[in-house]
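Please open the model in your viewer and keep the selection panel at hand. The stops below follow one another through the fold.

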Amino acid sequence: MEAWGFNAMVFHVRTHNNALYKSELNPIASWWSKVNFDEFDPLEWSIQACHDRGIEFHAWMNPYRITTSGSYPSNSYETKYPEGNPGNDPSNFITVGNSIILDPGIPSNRDFIVDTCMELVENYDVDAIHFDDYFYPYPAPGKEFADDKWFKKSGAADKDEWRRENVNLLIKQIHEVVREVKPWVKFGVSPFGIYRNKGSWKHGSETNGLQCYDDLYADVLLWIDKGWVDYCIPQIYWEIGHRAADYAELVKWWAQYASKRPLYVGQDVQRTVKAKDRKSPTGNQQHEKYAMQRAEKNIQGSCFWDAASAANNVDGYRKVLEEGLFRYPALMPEHPFIDSKAPKKLRGVRMIDVDGQNVLVWLPKKKRVKNELDKPHRYVLYCFAKGEKIDLDDPSKIVTITSDTSYKIPEGMEGKYTFVVTVIDRMHNESAAVKCKVKL
């Protein structure tokens, strides 16, 4: 991922009612059931491996899902739950089709999911908690799930509104608790790619498909408008020109209606490369999709499903990133609604000789910073040739984004250069620049 130019990884840590980490609340997922966490913690290692490379670690959790096998217990997933886990009692579930989930209408289920998120946040140095599109179950034709008991207890008048409010309460509660405990940890969602069709709502998109709001009871725009999520990644997985859900239409729609928080486009690698370029019979839609996305000022990036497809360079997808679209480093978008205060600039930058090697070194401020949001988190090193204008908005001038306080200048460089170093904090606010002119 470092080689591809990625700056964040969304890693699945809770696929069902389980944990791919050390947990007292949830059973360890079957894939990691033989891990001895006292000897080696794979999640801790993964987080550190990301941070060593300047890559953020976003912990992806499915909040409600128990199983997608259609039966309980299931041999496919975990069935032995710790005491207090709602998975021990099927009365906590609702079922539709092959999906069994924790009933979002039961307050104790909601509290358990919040506790699960906070166990992870408190024990691991994650940069974000991430939920995907699995809220209420995807509809199954001709099948309805039974949640009348808790609906009647609630006293609500409208079941659809009550279901949406159940999810709203969970999202709001997680946001508030995470912000209180670790304000630098973000909370993001990747909802289904259609919020509402125009046929259901006058401001909806010109689409005709499953809807977040009406079918999954996920009022994503409310969460964004209320500030309960810190970023949004709608899953706009379809191709340009799709009859029911056109990528071009949905990119514009989300850019217009979901811009109060950082907005990234959820890309489907496989579908993108299978869709033909409309201008070339031999190409795919990767370049055109990016051109559409980058034309929207309110869209700040992409997220890929799935990493394996990109890693395997399906139809040259990864090569296009490495050599073209992602060839320069990218700073993460700022989050001024969490913190907008830039860190203090460095005391100075200078070049020293270390065993015949030219090394740039820089010094942070002497005063110890207590607030985590104000601490230096990374350093950005830029390089400009003699006579070049200093432009920190030009990513081609970024040499490295690092947590180190030194940089070995590659051997063989000759000429006069101006190196510039800035400080960025956890919310990606960037300090004023400090320069160092050198002759090599």
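Helices (H or I, at least four residues) and strands (E, at least two) are DSSP runs, numbered from the N terminus. What you see is a predicted model, in which local features need pLDDT of at least 70 and side-chain atom pairs count only at pLDDT 80 or more, while totals for chains, interfaces and linings use all residues. Residues are numbered from 1 along each chain as its sequence is written, and side-chain values use heavy atoms, with hydrogens and water left out.

Begin with the open sheet of 5 strands, whose order is 1-2-6-7-8 with parallel pairing; two strands pair if DSSP finds at least two bridges between them. Strand 1 (8–14) and strand 8 (231–232) are at the edges with a single partner strand each, so one side of each has no neighbour in the sheet. Select strand 1 together with strand 2 (residues 56–61), and you will find them running parallel, joined by 6 bridges, with M9 bridged to F57 in strand 2.

Now move to strand 11 (residues 348–354) and strand 12, which pair in the antiparallel sense over 7 bridges. The two form a hairpin with 2 residues between them, and D355 in the turn has a positive phi of about 55 degrees; V354 has Q357 of strand 12 as its bridge partner. Strand 12 (residues 357–363) is mostly covered, with 5 of its 7 residues buried, that is, under 20% relative accessible area with a 1.4 Å probe and protein chains only. Strand 12 is also joined by 3 bridges to strand 15 (residues 406–408), and these two run antiparallel; one place to look is V361, whose bridge partner in strand 15 is S406.

Which elements each supply at least two residues of the lining of the second largest pocket? They are helix 1, strand 14 (398–402) and strand 15, and strand 14 gives the most, with 4 residues.

How values were computed
Buried means under 20% relative accessible area, exposed over 50%, partly exposed in between (1.4 Å probe, protein chains only).
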